[in-house]
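Q: Please show me how to read a structural model feature by feature, with the general idea coming before the particular case.

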Amino acid sequence: MPQIGCKMRGFGCSLRRICASLPSSFAVPSFTRTCRLSRGVFTGSSLLGHSSQHRRNVSTALRQPIQDLSAPEQRLLNKLYAGLIGGQRASLAESITLVETQHPRKKELAQVLLQRVLAYRREQEGRNGGKPAAFRVGLSGPPGAGKSSFIEVVGKMLTGRGHKVSVLAVDPSSCTTGGSLMGDKTRMTELSRDMDAFVRPSPASGTLGGVTRTTNEAIVLCEGAGYDIVLVETVGVGQSEFAVADMVDMFVLLIPPAGGDELQGIKRGIIERADLVVVTKSDGDLVVPARRIQTEYTSALKLLRRQSKSWNPKVVRASSHTFEGIPEVWTKMESYRDAMLASGELQGRRRAQQRVWMWSLIQENVLQHFQNHPSVRDALPHLEERVTKGAISPGLAADLLLKAFSSSSSSP
């Protein structure tokens, strides 16, 4: 999977350079909390080392039970876990809220809960012959493509066939106030009332592409609650959709039939990641434009390098209004899943995705440590002022901050 490998190499090298210079002041006391390890919090450069002592410490920490949970915290986690694996939607909603929190202690509790759910999911997959218990589908497209309508129609069809469907819909946040309308749930009124479905809107909170850092963890919780189909709807369309493509089994691109200049849609950054392209709103007067768009995208996909040896991306038409083409869309999705499972590519993709998200979280944590470093905090206001006045270039300011960080880290 060249895209994933490229991304890991891209920020992996720069992170290692920064991590290597982390000072001892960043050390976490001891490996006593499973939740700290699962987040990738590190003690100086020790977690990046390869010594046998380090490996023994990590192995011991992963097996060691959590000793410092209070009685109320233990009861809360037991209640959430029991309700979650019991399929209670209220427990699932509360668990996702716990995962999304920014409170330091609650974030640690969330990681403890996630470890238990991951162990439960591994047990399920073991009974299933090693095959994933759920099918993850990411859906994206430009505003007005009919994503919410499409998801509701497909979701209702799947629950009618005995599936349990969860929808993680990310709403764009205001750059000014930080608020979100959370309108996706109101547009999926029928699916929201379905007892075999779970719809969870989340704010993008300024995250590029709308995929929050906790979306991947919310997927794990949904699977633990027994939902065998997980649909992830993202904001807009563009290069940022690489984020959702790196956390799902199948990436579906939804496009409207009258989107203006067709070449705008055939951008390699997004179209080459699509496993299935659905031309929506193919009904009434839009049938003819939809057929033309289908033909153009089919031709465009032939020019792109195949991502999988087992699957050729398809372009189909569908209408959420008339239901025409909806069953055929799901048939294509099932064909993709069966082909990828048979070849073992789906399992390999999931393993590679876990590495990508681990490095993504490390990148975020390292940046936070860098910003909170005393030397960086002291020099930052002065350098920012000089950059805004044009006295120095942003590149030079960044180099000076990195030097301040490195020099204080190397000093005894």
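Predicted model: local features only at pLDDT ≥ 70, side-chain atom pairs only at ≥ 80, totals over all residues.

Q: What is the phi of F323, and is F323 buried or partly exposed?

A: Most residues other than glycine have a negative phi. F323, although it is not a glycine, has a positive phi of about 75°. With a relative accessibility of 36%, F323 counts as partly exposed, a class lying between buried (under 20% relative accessible area) and exposed (over 50%), for a 1.4 Å probe and protein chains only. K281, in the loop between β6 (276–279) and α14 (287–302), is another residue other than glycine with a positive phi, near 55°, and K281 is partly exposed too, with a relative accessible area of 35%.

Q: How many helices and strands does the chain have, and what share of its residues counts as buried?

A: The chain has 18 helices and seven strands, and 46% of its 412 residues count as buried. Contacts, meaning heavy atoms within 4.5 Å, can also be sorted by separation along the chain: among those between residues at least 6 apart in sequence, 75% join residues at least 24 apart.

Q: How many residues does the largest nonpolar core have, and which have the most contacts inside it?

A: In soluble globular proteins, nonpolar side chains tend to be buried together. A nonpolar core is a set of buried Ala, Val, Leu, Ile, Met, Phe, Trp, Tyr and Cys residues joined through side-chain atoms within 4.5 Å. Here the largest has 46 residues, and L92, I96, L168, L221 and V277 are those with the most contacts inside it. Helix α6 (residues 104–127) supplies the largest share of this core, seven residues. A second, separate core has 35 residues, among them F150, V165, I326 and M333. As for L168, its contacts, leaving aside neighbours within four places in sequence, include I96, A218, I219 and V232.

Q: How do the axes of helix α7 and helix α15 cross?

A: Axes are lines fitted to C-alpha atoms, for helices over the stretch in contact, and the angles between N-to-C directions run from 0 to 180 degrees. The axes of α7 (residues 147–160) and α15 (residues 326–343) come within 10 Å and cross at roughly 75°. That makes α7 roughly perpendicular to α15, since 65 to 115 degrees counts as roughly perpendicular, under 35 as roughly parallel, over 145 as roughly antiparallel and the rest as oblique. Where they meet, F150, V153, V154, M157 and L158 in α7 face I326, P327, V329 and W330 in α15 as contact partners.

Q: How many aromatic pairs does the structure hold?

A: Rings of Phe, Tyr and Trp (its six-membered ring) pair if their centres lie within 6.5 Å, with planes under 30 degrees apart counted as stacked, over 60 as edge-to-face and the rest as tilted. The structure holds four such pairs. In one of them, F198 and Y227 have ring centres 6.2 Å apart and planes at 45°, so the pair is tilted. This pair links distant parts of the chain, with F198 in strand β3 (residues 197–203) and Y227, 29 residues apart from it, in the loop between α10 (215–224) and β4 (229–233). F198 is buried at 6% relative accessible area, and Y227 is buried at 1%.

Q: Which ring lies under the charged end of K314?

A: A charge sits over a ring if NZ of Lys or CZ of Arg is within 6 Å of the ring centre and within 35 degrees of the ring normal. The charged end of K314 sits over the ring of W311, 4.0 Å from its centre, while R116 lies over the face of Y81, at 4.2 Å from the ring centre.

Q: Which residues does G224 touch, beyond those up to four places away in sequence?

A: G224, placed in helix α10, touches L84, I85, V117 and Y120. The C-alpha atoms of G224 and L118 are separated by 7.7 Å, although the two residues are 106 residues apart along the chain. G224 counts as buried, at 1% relative accessibility.

Terms used
Residues numbered from 1 in each chain as written. Heavy atoms only, no water. Helix = DSSP H or I, 4+ residues; strand = E, 2+ residues; numbered from the N terminus.
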